[in-house]
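Work through the exercises below with the sequence and the model side by side. Each task is followed by a solution in steps.

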Amino acid sequence: MEKVGVIILNYNSSNATLDAVNKVRQSKNVQTHIYVVDNNSDDNSLEVLNSQSDGIKVIETGYNGGYAYGNNIGLRAALKDDNDFFCILNTDVDFSECTLQKLLDEYPRNSECIFGPTILQSDGKIIQSVGAKTNYWIGRNRNICGGEAYSLKKSVNEVPDYISGAFLLFSRETLTRAGFLPENYFLYYEENEWCVRASRKGVTIKVSWDVTVRHAGSVTVGEGSVLKKRYMNRNRMIFMRRNASTLQFFSFSCYLLILYVRDLMLKRDLTRFKEFWAGYKSI
């Protein structure tokens, strides 16, 4: 039976983390090793997690370096334990006891692959994510089939540039080729760059249409929150500077200039400019 190291990141959400741990424990026909990485929580998370740590490895980072930083620490620990596969799992994902087994059964064995399920909204009917495509000329991402009914879109042949980091499955060989997640972002865009750069190294990016999970989305940060908007704008600039060609980045910069002028003339607001500039200076 193949061993799967499951990495779950915790920050001030021990109850949700333990719920996720229990779901993994219920997985059928899969040998799982669970790694809970606490990203320097400032509540009683560590105390709660350590009190119920039977069968799981709780890792304290001592520093909140963000999504990629915490998951990379978990991956390094999982690598030492000779796991065959690795799964990065968000605490707000709902899945069945057969999900991991089905994903392993469907996992492409003839190539390195970053693989994930179809992610539905919490109602289980509407597609939240089956991956996305990036337009490098304007720095925009198009969510493939996002917001459409799952029952009407059972199969699409479009290959995504990246898939959601809420639930990722990949082999040891894939991690060796792709490397660890980029830690330049803190929050948002880590999986974008990881998938894009892995793809350029020959790794396949793929989603299963038959295996589904439900994801609430933005529970910790909040959908539409100021924090989310700030990091999305800042990190889009970082991503484009690191991954677009010179000509594409020039086109993207012209597009941003148009947005800035519009914001200034219609809204008297330069917030977006400041967020992008913060990203520009971060490189």
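**Exercise 1. Aromatic rings**

Task: Find which residues form one aromatic cluster with Y136, and describe the pair of Y185 and Y189.

Solution: 
1. Y136, Y185, Y189 and F239 form one aromatic cluster. Rings of Phe, Tyr and Trp (its six-membered ring) pair if their centres lie within 6.5 Å; planes under 30 degrees apart count as stacked, over 60 as edge-to-face and the rest as tilted.
2. This is a predicted model, in which local features need pLDDT of at least 70, side-chain atom pairs count only at pLDDT 80 or more, and totals for chains, interfaces and linings use all residues. Residues are numbered from 1 along each chain as its sequence is written, and side-chain values use heavy atoms, with hydrogens and water left out.
3. The structure holds ten aromatic pairs. One of them joins F95 and F167 edge-to-face, at 5.8 Å centre to centre and 85° between the planes.
4. F95 lies in the loop between β5 and α4 (99–106) and F167 in strand β10 (residues 167–171), so this pair ties together parts that are 72 residues apart in sequence. Helices (H or I, at least four residues) and strands (E, at least two) are DSSP runs, numbered from the N terminus.
5. Both F95 and F167 are buried, where buried means under 20% relative accessible area, exposed over 50% and partly exposed in between (1.4 Å probe, protein chains only).
6. Y185 and Y189 form a stacked pair, 6.5 Å centre to centre with 25° between the planes. Y185 is buried at a relative accessible area of 0%, and Y189 counts as buried at 6%.

**Exercise 2. Salt bridges**

Solution: 
1. In the bridge between E97 and K28, the closest N and O atoms are 3.1 Å apart.
2. E97 counts as partly exposed at 34% relative accessibility, and K28 counts as partly exposed at 40%.
3. D81 and K57 meet in a salt bridge at 3.3 Å, N to O. D81 is in the loop between α3 and β4 (85–89) and K57 in strand β3 (residues 56–60), 24 residues apart.

**Exercise 3. Helix α3 and what follows**

Task: Check the span of helix α3 against its number of residues.

Solution: 
1. The expected span of a helix is 1.5 Å times one less than its number of residues.
2. Among the buried residues of α3 are Y67, A68, G70 and L75.
3. Just after α3, D82 takes a positive phi of about 60°.

**Exercise 4. Partners of strand β11**

Task: In which sense does β11 pair with β5, and in which with β6?

Solution: 
1. Two strands pair if DSSP finds at least two bridges between them.
2. Strand β5 (residues 93–94) and strand β11 (residues 204–215) are antiparallel, over two bridges. D94 stands opposite R214 in β11.
3. Strand β6 (residues 113–120) runs parallel to β11, joined by eight bridges. I114 has I205 as its bridge partner in β11.

Conventions
Salt bridge = Lys/Arg side-chain N within 4 Å of Asp/Glu carboxyl O.
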